[in-house]
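Here is my note on the model. Please read the points alongside the coordinates.

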Amino acid sequence: MGKQKKTGLVLTGGGARAAYQVGVLEGVASILREAGWTAGRNPYDIICGTSAGAINATALACHADNFDEGLEKVLGLWNNIMVDQVYRADSLGVLRSGARWLSLMSFGWLLRKWKANPPNALLDNTPLITLLNRVLNFPRLDEALMQGALHALAVTASSYTAGRHITFFQTEAEIEPWIRSQRLALRSQIGVEHLLASSAIPLIFPATPIYCDGKREFFGDGSMRQLAPISPAIHLGADKVMVIGAGRLTEQQRDTPEFAPYPSLAQIAGHAMSSIFLDSLAVDIERMTRINLTLSVLTEEQRRRTPLRPVDLLIIAPSERLDEIASRHVQSLPGPIRMLLGGIGATEARGAALASYLLFESSFTGELITLGRKDALARKADVLAFFGKAEEGVQSAPVLARTA
């Protein structure tokens, strides 16, 4: 009897855009239930997350013994989320972080009194610590791993201190940590500090200290310098991987006017964010697809001689531009945040990409959940084929890297 294949789930970064992932997971769950999937059974042996995707991944992993319950809890969180649950949005909080930070950037050489204690980031994400401690049950995660309801959980962050990319993973299995160029893996007991580090959007949220091999390093968003987002799932033993993105992987070129205005700071920042959160995933998907195609033309003997192995991929990404959706919801942000972001052009349509990462408001996240559910249901045949179930009258086939 052959070894049972392990299914991996990879949830990428994107701040508030990560609400889309939960909609996709709900849609996939409804497809599987309709196909006779056992209620509460976890479809994903290995769950990997980066940035806000790391928070979703860990929340689901904590309920691996009853996946439906975990999904319902995460849906409830994103459907009712407010900005002040993630970062301080009151006038005093904004003055202490954002306004102070922007002032220092503008004329910090005049503000010598801040030299000993400069502001660390644009926004203060202290409320996120309370939220994570309230919604996550780490003892339940430990139990799920011990009972075999989950094979492994991985969370990725980027070390500002050492200039390296680290995947922290927790498992009961005998898995050797891996080392690659500028990236490595460490077996760890996943905690709130790993999630704060992984989701610390550069310059927006402060870095988080984590001790590695007895030395303190400061970490930021795991999407930075993440050359191979799918790699952790494969290293942890996944034979097939479902990847949920937080942005369109094949963007259509926008119509540009003959004389475009100079880009605002928000427009430039949004462009930079897209390169951090989206580009590496697209490149990794292309790489995996080429490897799969190469392996498919090798003989059985040749495949035995290579350490590479084919991995079935199912990629589901937004069918609409999330920045355009965000532009319709910018006014739902609290007044102090609108004023702060408005100063750099993030409340304008062309700067909405930046706002989309910070729009932790239920009007926006609710629309993303609806879009995610719709996109998943539109891929019903692919989802069933990926999980080894065929629609009635349709022959099941391996799923290669097809995107929405």
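1. Buried means under 20% relative accessible area, exposed over 50% and partly exposed in between, with a 1.4 Å probe and protein chains only. Cys62 is buried at 0% relative accessibility. Cys48 is buried too, at 5%. The whole structure has zero disulfides, a disulfide being a pair of cysteine sulfur atoms within 2.5 Å.

2. The model is predicted: local features need pLDDT of at least 70, side-chain atom pairs count only at pLDDT 80 or more, and totals for chains, interfaces and linings use all residues. Residues are numbered from 1 along each chain as its sequence is written, and side-chain values use heavy atoms, with hydrogens and water left out.

3. Look at helix H5, residues 126-135. Helices are DSSP runs (H or I, at least four residues), numbered from the N terminus. Pro127, Leu128, Leu131, Leu132 and Val135 of H5 are buried. They lie on the same side of H5, because their arc around the axis is only 135 degrees, taken from the directions from the helix axis to the C-beta atoms. Thr130 and Arg134 are exposed, on the face turned away from the buried side.

4. What do the buried residues of H5 pack against? Their partners are helices H2 (52-61), H3 (67-79) and H7 (192-198), with contact meaning heavy atoms within 4.5 Å.

5. H2 and H3 have axes that come within 8 Å and cross at roughly 140 degrees. Axes are lines fitted to C-alpha atoms, for helices over the stretch in contact, and angles run from 0 to 180 degrees between N-to-C directions. H2 contributes Asn56, Ala59 and Leu60 to the contact, and H3 contributes Phe67, Gly70, Leu71, Val74 and Trp78.

Technical notes: Helices (H or I, at least four residues) and strands (E, at least two) are DSSP runs, numbered from the N terminus.
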